[in-house]
Amino acid sequence: MRIGMGYDVHRLVVGRDLIIGGVTIPHSHGLLGHSDADVLTHAIMDSLLGAMALGDIGKHFPDTDERYKDADSIMLLKEVGSLMALNGYKLVNIDATIIAQVPKMAPYIDTMRMIIGKTLKTSISNINIKATTEEGMGFTGEKEGISAQAICLLIKSE
């Protein structure tokens, strides 16, 4: 068994779509980043790569590479899923938390779970996503950015 954890954070800005867990969420601000800046998917990818001891998303999808400019993070997650299969790993589960003061994430969580489960070719029952605020404190509480944390458990395929 292998455990991995991931964390990501991006600044909220005007003029970008807000994409979290592969879902475009209606909001006045989006997340700034080289790719689509999907903090949840990035945290999940880092947890999976960490569990496999394969580095992080910066190693596999560097922000200095124009191929990943405005990249769809769900497509990048699909590549990480392929690395899992190539290296003989099977996903047991993912547990993730989105930290955002606004907007409310609850209406979108089941869709996020479905997209991530489908992308990783696993049951939605293996994907748990939660959301919380920071009660107005820190950069997320002050609506300057959104962050996400994820942990996963992998096993070697037989």
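Biologist: Why is α1 described as largely enclosed by the rest of the structure?
Modeller: Please keep in mind that this is a predicted model. Twelve of the 13 residues of α1 are buried, so the rest of the structure largely encloses this helix. Among the buried ones are Val39, Leu40, His42, Asp46 and Ala51, where buried means a relative accessible area under 20%.

Biologist: What about the largest nonpolar core, how many residues does it have?
Modeller: That core has 44 residues, and those with the most contacts inside it are Ile20, Leu40, Leu48 and Ile146. Several elements give two or more residues to the core, including the strands β2, β3 and β5 and the helices α3 and α4.

Biologist: Which element gives the most to this core?
Modeller: It is α1, which gives eight residues. As background, nonpolar side chains in soluble globular proteins tend to be buried together.

Biologist: Changing topic, how many salt bridges does the count come to?
Modeller: The count comes to four salt bridges, and we can look at some of them in turn. In one, the side chains of aspartate 95 and lysine 130 meet at 2.6 Å, taken from N to O. Aspartate 95 lies in strand β5 and lysine 130 in strand β6, so this pair ties together parts that are 35 residues apart in sequence.

Biologist: What is the relative accessibility of aspartate 95?
Modeller: Aspartate 95 has 28% and counts as partly exposed, and lysine 130 is also partly exposed, with a relative accessible area of 32%.

Biologist: How about arginine 67, buried or exposed?
Modeller: Arginine 67 counts as exposed, because its relative accessibility is 64%, whereas aspartate 65 counts as buried at 18%. The side chains of these two residues meet in a salt bridge at 2.6 Å, N to O.

Biologist: Where do aspartate 110 and arginine 113 sit?
Modeller: Both are in helix α4, three residues apart, which means that about one helical turn separates them. In general, an α-helix has 3.6 residues a turn, so residues three or four places apart point the same way.

Conventions:
Residues numbered from 1 in each chain as written. Predicted model: local features only at pLDDT ≥ 70, side-chain atom pairs only at ≥ 80, totals over all residues. Heavy atoms only, no water. Core = buried A, V, L, I, M, F, W, Y, C linked by side-chain atoms within 4.5 Å. Buried < 20%, exposed > 50% of the residue type's maximum accessible area, 1.4 Å probe, protein only. Helix = DSSP H or I, 4+ residues; strand = E, 2+ residues; numbered from the N terminus.
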